[in-house]
Amino acid sequence: QVQLAESGGGLVQPGGSLRLSCVASGNLFSIYVMNWYRQSPEKQRELVASITSGGDTNYGEFVKGRFTISRDRAKNTAYLQMNSLKSEDTAGYYCHYQGSRSDLGGYEYEYWGQGTQVTVSS
């Protein structure tokens, strides 16, 4: 089992910055993808950013250039640095972990964190 603990959310003014953290613990995988999703009552769940165990990254078009995903392998932690925040970024942000025990393709295990709220407002 994998547990995910998010932190770093809060209230910030437009144009400000936040850094979210996701600490993974438990029975971790060597092959994995860590994702940040966001969801609000008025919007469908969106993929914000992802990073693989190999270091490849992917971003949603709406945040590319403003957000950066990174990892600290020693701490089993993924970060989401968010700059130039807009009111449209207001949402619950959720860490999502996908793991695989083989090299056959696909990720057969997945886990979700509880989420952390980001509110961008004047």
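Three salt bridges turn up when the whole of this predicted model is searched. Here they are, one per row:

| Salt bridge | Closest N to O distance |
|---|---|
| R38 with E46 | 2.8 Å |
| R38 with D89 | 2.9 Å |

As background, side chains of opposite charge can pair when their charged atoms come close.

Let's follow the chain through these pairs. The bridge between D89 and R38 links distant parts of the chain: D89 sits in the loop between β8 and β9, R38 lies in strand β4, and 51 residues separate them.

Through shared partners, the salt bridges join R38, E46, R66 and D89 into one network.

Now for the nonpolar side of the structure. The largest nonpolar core has 28 residues, and M34, W36, L80, M82, Y93 and Y97 touch the most other members. Several strands each supply at least two residues of this core, among them β1 (2-7), β4 (31-40), β8 (77-82) and β9 (91-100).

What does M34 touch, leaving aside residues up to four places away in sequence? Its contacts include C22, A24, I51, I69, A78, C95 and Y97.

Technical notes:
Residues numbered from 1 in each chain as written. Predicted model: local features only at pLDDT ≥ 70, side-chain atom pairs only at ≥ 80, totals over all residues. Heavy atoms only, no water. Core = buried A, V, L, I, M, F, W, Y, C linked by side-chain atoms within 4.5 Å. Buried < 20%, exposed > 50% of the residue type's maximum accessible area, 1.4 Å probe, protein only. Helix = DSSP H or I, 4+ residues; strand = E, 2+ residues; numbered from the N terminus. Contact = heavy atoms within 4.5 Å. Salt bridge = Lys/Arg side-chain N within 4 Å of Asp/Glu carboxyl O.
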